[in-house]
Amino acid sequence: IKNSAKPADAGKAITFEDIGGQETAKNELLEALDFIKNYDEISKMGIRPLKGILLTGAPGTGKTLLAKAASNYIDSAFISVSGSEFIELYAGVGAQRVRQLFKTARELARKNSKKHCVIFIDEIEVIAGVRGKNSNHLEYDQTLNQLLVEMDGLSAKDDDVKILVIGATNRPDILDPAILRPGRFDRIVKVDLPDKDGRLEILKLHTKGKPLAEDVDLEQIAKETFGFSGAHLENLCNEAAILARRAGEKVIRQCHFMEAIDKVIMGEKLKRKPTK
Ligand code: ATP
């Protein structure tokens, strides 16, 4: 059985400053993380340690970035997996992978200075959808049951390490209520599409280091990009730079951003078109 866990991002560590907007999500997450940072104080107060946080929201809104920043904030080791990596045709394989994931997390935590590991499970709805609802439901149910067993086991007093599970989904509506029971994912953090101010912050982050012409008005671009996610805005900045280069320019002008907005919208429309 292959180990589905991937090592932490090889690139620069993501911090909360690298994430534009999402102030509510960041604050909720920070409060939860301070529980982990001040573990001894919290346990003296009789507060249950936090084991799971669920990030919900549209694709590309920064859930993965938030999980990475959270891990970095508590100086934790980090493992990232996707729910779809757990599902195989053969019964028992998914459950075995979940066991292996938590085993790897414990090993990484032991090597971590703070004895922490964050397990990030993207698309958690794939394994945590309502039990009994799937055509191959035995395999799905066993996988989810194993996740629940592992999460319930995290509080064991003799555990020398602290594991935090951060799940992400854009389908919270299909989750099995069992995973939301106290002591499992008991923090739900909504990660919404950015508002105008959030979009402006994201645009500032993604134009940092790009050569912008004097006429570039990021405020205006933020106004014109209602409904764009962070991922769309990142793509927009990249497209604008490509358009500028194609036009033989050394700097990116407002007109390139405006054209790029249309390109991103068009790309989304094409993606949504049903395939025959
Ligand atoms: P999915 O649901 O598709 O997994 P996600 O919510 O996890 O998406 P991310 O993977 O965190 O989204 O974001 C994708 C990319 O979009 C990031 O690498 C980043 O470039 C950009 N991005 C998204 N949100 C933000 C943000 N709030 N600030 C800055 N960049 C962002």
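Some housekeeping comes first. Residues are numbered from 1 along each chain as its sequence is written, and side-chain values use heavy atoms, with hydrogens and water left out. Because the model is predicted, local features need pLDDT of at least 70 and side-chain atom pairs count only at pLDDT 80 or more, while totals for chains, interfaces and linings use all residues. Helices (H or I, at least four residues) and strands (E, at least two) are DSSP runs, numbered from the N terminus.

**The cores**

A nonpolar core here is a set of buried Ala, Val, Leu, Ile, Met, Phe, Trp, Tyr and Cys residues joined through side-chain atoms within 4.5 Å. Buried means under 20% relative accessible area, exposed means over 50%, and partly exposed is in between (1.4 Å probe, protein chains only). The largest core has 29 residues, and those touching the most other members are L101, F102, I121, I124, L147 and I163. Two or more residues of this core come from each of β2 (77–82), α4 (93–111), β3 (116–122), α5 (125–128), α6 (137–153) and β4 (162–169). The top contributor is α4, with five residues. As for I163, its contacts (heavy atoms within 4.5 Å), leaving aside neighbours within four places in sequence, are K51, A105, R106, A109, C117, I119 and L154.

Apart from that core lies another, of 24 residues, with I14, L33, A67 and L164 among them. I14 sits in the segment before α1 (23–37). Why does I14 count as buried? Its relative accessible area is 17%, and the cut-off is under 20%. Beyond its neighbours within four places in sequence, I14 is in contact with L65, K68, A69 and N72. I14 and A70 are 56 residues apart in sequence, yet 8.7 Å apart in space, C-alpha to C-alpha.

**The largest pocket**

On a 1 Å grid over the protein atoms alone, a pocket is an open set of points where a 1.4 Å probe fits, with protein on both sides within 12 Å along at least five of seven lines; lining residues have an atom within 4 Å of a point. The lining of the largest pocket has 31 residues, and G60, G62, L65, G230 and A231 lie nearest its centre. Elements giving two or more residues to this lining are α3 (63–73), α7 (196–207), α9 (230–246) and α10 (254–272). With four residues, α9 gives the most.

**Helix α7**

How well does the span of α7 agree with its 12 residues? At 1.5 Å a residue (times one less than the number of residues), α7 should span 16 Å, and its end C-alpha atoms are 16 Å apart, so the two agree. Its buried residues are G198, R199, L200, I202, L203 and T207, and they pack against α8 (218–223), α9 and α10. After α7 comes G209, with a positive phi near 85°.

D75 and K115 both have positive phi without being glycines.
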